[in-house]
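Keep it plain and group the points by topic.

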Amino acid sequence: MRIGIIYTFFVLILTCTSSLTAQISPGDLAEVHSHLEGISNCTKCHTLGAKVTNEKCLECHQEVKSRLMLKKGYHFSPKIRGKECVSCHSDHHGRKFEIVRFNPDKFDHNQTGYILAGAHSKKACKDCHKAENIANIKIREKKFTYLGLTRRCLTCHADYHQQTLPSTCSDCHSNVSFKPATKFDHSATNFPLTGSHQTVGCADCHTVTSKNEVRFQEFANIPHQNCTECHTDVHQNKFGQMCRDCHTTASFNSIMGMSDFNHSRTGFPLENKHAELTCSSCHKRHLTDPLKHEKCTDCHADYHSGEFLKEGVVQSCSYCHSTKGFAGSSYTIERHNEGTFQLKGAHLATPCFVCHKKEEKWSFREIGMNCVDCHNNIHDPFISEKYYPESDCRNCHQETRWASINFDHSVTEFVLSGAHTTQTCRSCHFKNDQNGVEYQVFSELSSHCTSCHQDIHYKQFDLDGKTDCLRCHAGNLWEIPGFDHNKTAFKLEGKHEGLACTKCHKHVRAGESSYLLYKIGETRCEYCH
Amino acid sequence: MSFGHKFYIFVLVIIVLFTLIVLSYFGFSYYSLPLEERFFHNAYKDLKPGGFWGHGLGILGTLCIIIGVLLYITRKRLRVLSRFGLLKHWLEFHIFLCTLGPILILFHTSFKFGGLVAVSFWSMVAVFLSGVIGRFIYIQIPHTIEGREMSLNEVQEMKTNIGTVLTESYSLDNESLNLIIESTKKKVERYHDNFFVRFVQNFIKDQRTIRQVRSVVGRNNLSRSEQKHLLHLIRHEITLNRKIERLVMMQNLFKYWHVAHLPFAFVMLVIMLIHVTVTIVLGYRWIF
């Protein structure tokens with residue numbers, strides 16, 4: 001028994017002296033805690049009577065403590081908050097024990113307060129949690145930590161905008177992709193994108209350049225007060241800088257506010273009829289399409305079909321026309337008389353269309369210089385051409401008055417004399433047929449009296465089948481100056497001398513009319529008495 | 001051994017085996033992990049040494065050992081308790097508790113043997129193994145029914161007059177009778193110096209003798225129960241011969257065994273107390 005007791009103490013002393021200092025520990029501490037090995041360090045983690053308290057852990061792990069005090073981070077998440085540290089981070093399981101066993105595939109990053117979404121969810125932990133992204137030097141120097149990052153995008157991402165824009169990247173960019181900045185609302189800027197600006201590529205306005213030897217795209221301080229900051233002023237400042245007074249952003253060609261548009265500021269002031277036109281009358285496609293306007297024919301069709309070409313070029317319409325209307329030419333008689341056909345007499349009062357619009361369309365060239373080119377030659381073929389060569393009416397008629405005839409009748413076979421000289425041409429040369437239809441007779445008009453005059457004597461004085469009135473009548477009064485009844489077969493003597501003619505020469509009925517019978521053929525008294 | 005006692009022993013063995021199997025079955029996936037991985041096992045909180053089950057096993061195992069040791073020692077040392085049951089039965093209960101206890105302690109440690117408490121654990125293992133050896137030595141030394149060691153003379157007196165028994169009870173031919181009597185006689189043999197070699201050699205010889213006896217018995221017209229009883233008798237005689245042979249040596253060994261068994265038990269208990277104290281001081285109080 002005694003030997004047994006001695007042996008027991010021997011074993012106890014041996015074990016206590018050789019290993020007591022370390023052997024109370026239930027196992028080796030993990031590598032990161034290995035400096036806490038030893039019996040003197042137990043209470044650095046363990047609280048007497050209270051196991052391992054969070055306070056003890058946090059005495060060393062100040063980074064976590066500060067996060068907890070700030071009520072931030074994974075350890076303050078509802079899932080973790082209130083737990084004992086040792087429930088997740090145990091120890092005394094050997095040097096190789098992973099106090100933090102981190103499974104990136106299972107870790108719920110949302111619990112950290114920073115929700116991984118979009119492209120972030122596809123990133124490896126070390127893409128963000130690396131020393132170069134940690135600002136705090138103490139944390140950065142740790143071999144293994146997921147602390148030290150802030151929620152600011154620029155913690156991990158380079159500032160592409162090089163401090164030209166606020167650092168709140170998420171105001172514009174989504175976490176799916178840096179490009180495009182889907183959350184950016186251009187309408188919230190001082191320059192809302194409207195119309196075609198919405199389809200313009202960003203780089204068209206926000207040019208890509210280089211800054212600090214890095215690719216850089218300017219987004220801030222882009223001048224935008226005037227359109228010409230980006231657009232070329234095709235009007236060369238004729239209309240000022242307020243492009244929006246006329247143009248819309250829908251298209252440069254989309255014009256608005258035209259009621260106020262002062263066309264006079266263009267090279268083509270709108271006057272008279274032009275002012276009444278709608279824009280699209282001339283600007284067929286786009287108001288802003290370049291429009292030739294030097295010549296009228298740039299817009300208007302050449303009505304005259306090239307009649308006024310000069311050296312192959314259409315002359316200005318304004319020579320005759322004005323913007324007050326195509327009709328109503330400003331071409332004056334004076335200018336007409338400067339031409340080859342001077343207007344005189346009745347021509348001065350003749351409307352233009354009488355000569356220049358013989359058909360449906362006006363015509364100003366090759367319309368003829370002769371009267372018959374305009375006037376109807378009613379005398380053809382009734383008057384021999386020898387009396388008006390080349391059908392020149394002016395041989396008889398006057399331009400001043402058509403009815404005023406200036407024809408020398410003496411050149412004809414029938415010289416006018418006596419009462420004939422006071423007659424109108426029409427008196428002899430125009431007749432009516434039985435139906436009352438007028439017809440003219442010139443060449444075929446006989447010189448016999450009865451061609452014009454009625455033989456009221458019913459051929460009593462015919463001589464060789466012709467009645468020559470002038471054998472008896474003469475003078476304007478149709479007098480019978482040379483008749484001597486005594487030269488007849490019945491001389492007037494006695495009482496017969498004073499008798500009226502009708503006492504002896506009675507009316508004879510001839511159809512519905514009657515005539516005086518001059519050639520009685522009887523000389524016997526009883527014929528009358 | 002009565003049937004009731006056999007059943008009692010059977011139940012104790014079953015409890016130990018059941019405990020071992022249940023703990024192994026439910027804890028295998030956890031205990032088979034490397035130390036560094038166990039923390040991440042779902043059963044860590046329950047099966048870790050400080051867990052609900054782990055800590056409970058430790059406390060229960062400790063109580064088993066303390067109760068098993070104290071009861072047996074008290075019964076053995078205090079004369080006033082000598083009338084409370086046979087010492088042999090107390091020893092069996094001591095073996096039961098001190099087998100079950102280490103098993104529970106083993107699972108309490110979660111097979112992690114380090115630190116000061118490992119000394120206690122290995123002491124426990126030493127006590128357990130020495131207990132197994134002690135039990136073997138104990139069996140080799142015949143005891144009285146009260147558990148007292150018999151002297152050599154007392155043992156020799158236990159030997160049966162095998163010739164008389166065989167003649168009176170069994171009708172054997174002379175050749176068989178002589179051979180069986182010869183086999184049960186203690187022989188003067190040349191022994192090997194090494195105990196273990198000698199033990200094995202004797203075991204082989206005895207087995208050969210038993211086979212010879214069995215074949216001899218088979219030649220005679222004995223009933224099956226007579227054959228069984230006869231063989232049991234022969235075995236007992238041969239075993240007794242060996243025990244008589246080894247008695248002095250076993251008695252010496254048993255003295256030395258105490259020197260090994262008890263100190264390890266003391267070391268185990270002292271360090272266990274330190275371990276328990278430290279855990280309580282650090283706040284690990286199980287359900288209390």
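## Confidence and overview

In chain A of this predicted model, confidence is lowest in helix α1 (residues 2-23) of chain A, at a mean of 51, and highest in helix α3 (residues 54-60) of chain A, at 93. Confidence here is pLDDT, the predictor's own score for each residue, from 0 to 100. Helices (H or I, at least four residues) and strands (E, at least two) are DSSP runs, numbered from the N terminus.

Residues are numbered from 1 along each chain as its sequence is written, chains are lettered from A and ligands are numbered from 1, both in the order in which they are written. Because the model is predicted, local features need pLDDT of at least 70 and side-chain atom pairs count only at pLDDT 80 or more, while totals for chains, interfaces and linings use all residues.

**Chain A: confidence and overall make-up**

- The mean pLDDT of chain A is 84, and 94% of the residues score at least 70.
- Over residues 17-22 of chain A, pLDDT stays under 50, and the model has seven contacts beyond four places in sequence for them. Two residues are in contact if their C-beta atoms, placed from the backbone, lie within 7 Å.
- Where pLDDT is low, the predicted coordinates should not be read in detail.
- Chain A has 18 helices and ten strands.
- Of the 529 residues in chain A, 5% are buried. A residue is buried if 20 or more other C-beta atoms lie within 10 Å of its own, exposed if 12 or fewer, and partly exposed in between, with C-beta atoms placed from the backbone.
- Among the contacts in chain A between residues at least 6 apart in sequence, 39% join residues at least 24 apart.

- Strand β1 (residues 208-211) and strand β2 (residues 214-217) of chain A pair in the antiparallel sense over four bridges. Two strands pair if DSSP finds at least two bridges between them.
- A:V208 is opposite A:Q217 in β2(A).
- Two residues lie between β1(A) and β2(A), which form a hairpin, and A:N212 in the turn has a positive phi of about 55°.
- Strand β3 (residues 247-248) and strand β4 (residues 251-255) of chain A run antiparallel and are joined by two bridges.
- β3(A) and β4(A) also form a hairpin with two residues between them, and A:H247 stands opposite A:I255 in β4(A).
- A:M369 is in the loop between α13 (352-356) and α14 (371-374) of chain A. A:M369 counts as exposed because it has 9 C-beta neighbours inside 10 Å.
- Leaving aside neighbours within four places in sequence, A:M369 is in contact with A:T340 and A:F341. The C-alpha atoms of A:M369 and A:F341 are 7.0 Å apart, although 28 residues separate them along the chain.

**Chain B: overall make-up and two helices**

- Chain B has eleven helices and zero strands.
- Buried residues are 26% of the 288 residues in chain B.
- Of the contacts in chain B with a separation of 6 or more, 72% are between residues 24 or more positions apart.
- Helix α6 (residues 116-140) of chain B has 25 residues and reaches 36 Å from its first C-alpha to its last, close to the 36 Å expected at 1.5 Å a residue. The expected span is 1.5 Å times one less than the number of residues.
- Among the buried residues of α6(B) are B:L116, B:F121, B:M124, B:V127 and B:I137.
- In helix α10 of chain B (residues 195-219), B:V213, B:V216 and B:V217 are buried. The buried residues of α10(B) pack against α9 (174-183) and α11 (224-281) of chain B.

**Chain B: nonpolar cores**

- A nonpolar core is a set of buried Ala, Val, Leu, Ile, Met, Phe, Trp, Tyr and Cys residues joined through C-beta atoms within 7 Å.
- The largest nonpolar core has 25 residues, of which B:L104, B:M124, B:V127, B:M268 and B:I271 touch the most other members.
- At least two residues of this core come from each of α4 (52-77), α5 (87-108), α6 and α11 of chain B. The largest share, eight residues, is from α5(B).
- Another core, of ten residues, lies apart from it and includes B:V213, B:L230, B:I234 and B:I238.

**Chain B: B:Y284**

- B:Y284 is in the segment after α11 of chain B, and counts as partly exposed because it has 15 C-beta neighbours inside 10 Å.
- Not counting residues up to four places away in sequence, B:Y284 touches A:K51, B:G50, B:H55 and B:T279.
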